[in-house]
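Below are my notes on the model, as numbered points. Please read them with the coordinates open.

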Amino acid sequence: MQNAELDHDKKRRLVGHYLQQLTKTDPNLYYSSTTEIAHALHPMIKEHMNRMPVDEQALFRNITVRDIEMLLSFR
């Protein structure tokens with residue numbers, strides 16, 4: 001259970017990092033819905049997977065847009 005919570009926190013933190021990058025390139029995302037933001041983040045995360053450490057790759061390997069929405073909603 002503890003490990004799952006740590007993984008969830010790490011995913012949430014990393015999604016937040018990518019969200020910061022995305023809002024720098026598109027400040028209008030502030031006014032977008034969580035779904036729109038998740039759809040914008042998903043390809044960005046997948047694109048950066050090969051540059052992530054192996055443990056982070058494992059966390060994001062099967063991530064879906066819906067998973068990203070859920071992580072954003074708990075911020």
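Leaving aside its neighbours within four places in sequence, which residues is Y18 in contact with? Point 3 takes this up.

1. Basis. This is a predicted model, in which local features need pLDDT of at least 70 and side-chain atom pairs count only at pLDDT 80 or more, while totals for chains, interfaces and linings use all residues. Residues are numbered from 1 along each chain as its sequence is written, and side-chain values use heavy atoms, with hydrogens and water left out.

2. Fold and dimensions. The protein chain has four helices and zero strands, in the order α-α-α-α from the N terminus. Helices (H or I, at least four residues) and strands (E, at least two) are DSSP runs, numbered from the N terminus. The radius of gyration is 12 Å, close to the 11 Å from the globule rule for 75 residues, so the protein chain is as compact as a globular protein of that length. That radius is taken over C-alpha atoms, and the rule is 2.2 Å times the number of residues to the power 0.38. Along the principal axes, the C-alpha atoms fill a box of roughly 35 × 25 × 15 Å.

3. Y18. This residue is in helix α1 (residues 2-25). Y18 counts as buried because its relative accessibility is 8%; buried means under 20% relative accessible area, exposed over 50%, and partly exposed in between (1.4 Å probe, protein chains only). Beyond its neighbours within four places in sequence, Y18 is in contact with L41, M44, I45, H48 and M52, where contact means heavy atoms within 4.5 Å. Y18 and A40, 22 residues apart in sequence, are 10 Å apart C-alpha to C-alpha.

4. L41. This residue lies in helix α2 (residues 34-48) and is buried, at 0% relative accessible area. Not counting residues up to four places away in sequence, L41 touches V15, Y18, L19, L22, I68 and L72.

5. Contacts and burial overall. Of the contacts between residues at least 6 apart in sequence, 59% join residues at least 24 apart. Buried residues make up 35% of the 75 residues.

6. Aromatic pair. The count comes to one aromatic pair. Y30 and Y31 form it, edge-to-face, at 5.2 Å centre to centre and 85° between the planes. Rings of Phe, Tyr and Trp (its six-membered ring) pair if their centres lie within 6.5 Å; planes under 30 degrees apart count as stacked, over 60 as edge-to-face and the rest as tilted. Both Y30 and Y31 are exposed.
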